[in-house]
Amino acid sequence: MVLPSRGVVQGSARAPHRAMYKAMGLTDEDLQKPIVGVSSTCNEATPCNIHLCKLAQSAKQGVKSAGCTPREFTAIAVSDGIAMGHEGMKASLVSREIIADSIEVMMRAHQYDAIVGISGCDKSLPGSLMGMARLNLPAIFVYGGTILPGDWNGKSVTIQDVYEAVGMVEAGKMTSAQLLSLENVACPSAGSCAGMYTANTMASISEAIGMALPGSASAPAESDRRSEICYNTGKAIFELIENNIRPKDILTFEAFENAIAMANAIGGSTNSVLHLLALSREVGVKLKIQDFERIRMQTPHIADMRPGGSYVMLDLDKIGGIPIILKSLLKKGLLNGDVMTVTCKTMKQNLESIKFQFPSDGQEQSSYYNGYYSKQSIVKPIEKPIHDVGTLTILKGSLAPEGAVIKIAGLTSSKFVGRARVFGAEEDAFEAISKSKIVEGDFVVIRYEGPKGGPGMREMLAVTAALVGQGLGEKVAMVTDGRFSGATRGFM
């Protein structure tokens, strides 16, 4: 490929530009190599991102080892967990666009030749992917990794448990002292929220859509493997440059079908619908909300992941991670195996080296992978899934003629009739819930929280978790023009 950076560093007219680079320690030899942007969303706003600068150093070493010159920069990232439940959440979805914009600006301004993008919290994953897609330069995405689950009285816990515990305190089912002890242990390390919430869903999708190295999604944030993954990602960028493989070569309609299949197979976040639609627009793929329902109906739900199930990303990592899901889907003809990926190989070729087995009886001894044997039934045999169809159900009706989404993972019923309790803002609904004014049989409606009305389309985990904590998760239903967190569960 023609390297954009040559127009910046070659020729006598570019002596001032080279002087600026040399002020930062680069040599003429460095400037003769492809220049690779290494972006991260590192900041101290969230545990999801606080470690990303360290991971960026590993990626830069990988870039150097491949004969390229890395240049590190950062983009913003909002902490959805800390922005949740107040005015700050109005900034969350907007941040996705700002992240994409800032990556585009940095890459275009400095004419870098390729990009390695590292991100952790919810909106930074799709934001980074959107920036890469828009630039259409050789690019690889790498996830910052999952947080470890906490241990509370012998029980594995996540941030979801803390949000739901707030409702338990209000319902008199937990003391304030117990809540404090849970709060103190729920988030024991750096990394993104532990269940199959939005960050881990989008990380899983990054593999399924072909923009991340195989097996890169599930390793914990602070593990040695995570640093190794970032190094290998940086190293892999040169092959994309050499073969001139770009995001538009990878992000085809068939790749998006794979991504949707993954989201349904793992019981993933409803936010994946918004993010995949936005990403498809960046590359001109005509993905429609109807495609989500079509693919859902042919994709079984096989991973028993929180919030609808029992396990966290660390558990899935121990038995082989996302390749386990992908190979199960491919074996049943539910995955497009011929799509190109960032390895410069097809999805099918990537998965050929993955070895695992499931028991034929479908009992709770689920898998063997690289010497690790698990008695936990994390991933079900595809012949005996948790649900015969996927979990992200697209609904249409008088309230939402263009479509709405509900996650059915963990739901035991498919119909709800109740009295409408209408609120004009999230805060009003939360106040009513906290004062136990919402009772079994109520149908909570929260309006004016959409992209324009909010503005910002806030997530409402504080509201939904409070209902679940009060024992009303399926005894009360909720509908909103806002959004729900990946950690939301119940009839929402």
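I looked up helix α11 (residues 224–243) and found that it lies across β1, β3 and β4. Its direction runs at about 170° to β4. For such angles, axes are lines fitted to C-alpha atoms, for helices over the stretch in contact, and angles run from 0 to 180 degrees between N-to-C directions. Helices (H or I, at least four residues) and strands (E, at least two) are DSSP runs, numbered from the N terminus.

I noted the source next. This is a predicted model, in which local features need pLDDT of at least 70, side-chain atom pairs count only at pLDDT 80 or more, and totals for chains, interfaces and linings use all residues. Residues are numbered from 1 along each chain as its sequence is written, and side-chain values use heavy atoms, with hydrogens and water left out.

In what order do the strands of the open sheet of four stand? I read β2-β1-β3-β4, with parallel pairing; two strands pair if DSSP finds at least two bridges between them. β2 (69–74) and β4 (139–143) are at the edges with a single partner strand each, so one side of each has no neighbour in the sheet. From one strand to the next, the twist averages 20°.

Strand β1 (residues 35–40) and β2 run parallel and are joined by six bridges. Gly37 has Arg71 in β2 as its bridge partner. Helix α7 (residues 124–135) also packs on the sheet, touching β3 (114–119) and β4, where contact means heavy atoms within 4.5 Å. The direction of α7 makes about 175° with that of β4.

I moved to another sheet. This open sheet has three strands in the order β11-β12-β13, again with parallel pairing. Its edge strands, β11 (419–423) and β13 (477–480), each pair on one side only. Strand β12 (residues 442–446) pairs with β13 over four bridges, in the parallel sense. Val445 stands opposite Val479 in β13.

Last, I looked at two helices. How do α13 (residues 253–265) and α17 (residues 322–331) cross? Their axes come within 11 Å and cross at roughly 110°. That makes α13 roughly perpendicular to α17 (65 to 115 degrees; under 35 is roughly parallel, over 145 roughly antiparallel, and the rest oblique). Ala261, Met262 and Ala265 in α13 meet Ile322, Ile325, Leu326 and Leu329 in α17.
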